[in-house]
Every structure is written in C-alpha cells, then in structure tokens.
Amino acid sequence: MSEHTVVVEDVVNEPSHYKHGSFEVIDEMVIVFGIENTIQFCRMNAWKYRARAPFKGNMEQDMAKANCYLEMAADLEAIRDKNFELLKEGKLK
C-alpha cells in the first residue's frame with residue numbers, strides 16, 4: 001500500500017465492529033444461540049433495517065444491510081439443510 005492509498009471500510013458487508021477475536025459475531029451467535037435462532041435474527045434484523053431506512057438518512061445503505069442479512073439467513077438455511085441431508089444419509093453424527 002502506498003502512502004496515498006486510502007482504505008475505505010465496507011460498512012455493509014464487512015463492518016469492522018462485527019469482527020473481533022477469532023469469530024465474527026454472526027458465527028458466535030450460531031454457536032451460542034443455534035442456527036435456527038440466528039436465521040430468525042437475520043430475518044428480523046433485515047426487517048428492522050427496511051422499516052427504519054426511510055427515516056435514518058441513508059436509505060441505500062440500510063437497504064443494502066437488509067439484503068446482507070437476508071443473504072446471511074439464506075446461507076445459514078443452506079448449511080442447515082445440507083447438514084440435515086448428511087444426517088439423514090448417516091454421514092454426519
């Protein structure tokens with residue numbers, strides 16, 4: 001990186017305040033609260049961002065954050081479903 005390079009934080013996809021220690025907060029939530037509760041949290045958080053977006057001053061950013069949470073929910077659902085299939089096939093204990 002040169003002395004003139006400016007690093008811009010991606011506050012939607014990779015906010016620095018969500019990464020501390022060994023895990024991202026969403027991964028810790030799966031460990032502590034379970035995958036189903038974390039999926040529900042992601043869906044509800046997406047709804048919250050969409051509901052408040054018109055009133056906060058940066059609608060585009062908040063809608064992007066909502067979309068990120070919906071993507072996280074979908075990713076977690078895919079992991080859950082894949083694990084369920086592996087369990088049914090006897091490949092996961």
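This is a predicted model: local features need pLDDT of at least 70, side-chain atom pairs count only at pLDDT 80 or more; totals for chains, interfaces and linings use all residues.
**Exercise 1. Describe how α1 and α2 pack.**

Solution. Two packed helices are described by the angle between their axes and the distance between the axes.

- Step 1: α1 covers residues 25-33 and α2 residues 35-56; the angle is about 135° and the axes are 7 Å apart. Axes here are lines fitted to C-alpha atoms over the stretch in contact, with angles from 0 to 180 degrees between N-to-C directions.
- Step 2: name the arrangement. Under 35 degrees is roughly parallel, over 145 roughly antiparallel, 65 to 115 roughly perpendicular, and the rest oblique, so α1 and α2 are oblique to each other.
- Step 3: list who touches (contact means heavy atoms within 4.5 Å). α1 brings Ile 26, Met 29, Val 30 and Phe 33, while α2 brings Ile 35, Asn 37, Thr 38, Phe 41 and Cys 42.

**Exercise 2. Work out the span of α3 and what its buried residues pack against.**

Solution. 

- Step 1: α3 (residues 59-88) has 30 residues and reaches 43 Å from first C-alpha to last, close to the 44 Å expected. That expected span is 1.5 Å times one less than the number of residues.
- Step 2: look for buried residues (under 20% relative accessible area; exposed is over 50%, partly exposed in between; 1.4 Å probe, protein chains only). Among them in α3 are Asp 62, Lys 65, Tyr 69 and Leu 76.
- Step 3: the buried residues of α3 pack against α1 and α2.
- Step 4: zoom in on Glu 77 of α3. Glu 77 is buried at 18% relative accessible area and touches Ile 39 and Arg 43, leaving aside residues up to four places away in sequence.

**Exercise 3. How many disulfides does the whole structure have?**

Solution. 

- Step 1: search for pairs of cysteine sulfur atoms within 2.5 Å. The count is zero.
- Step 2: Cys 42 is buried at 0% relative accessible area, and Cys 68 is buried at 12%.

Notes: Residues are numbered from 1 along each chain as its sequence is written. Side-chain values use heavy atoms; hydrogens and water are left out. Helices (H or I, at least four residues) and strands (E, at least two) are DSSP runs, numbered from the N terminus.
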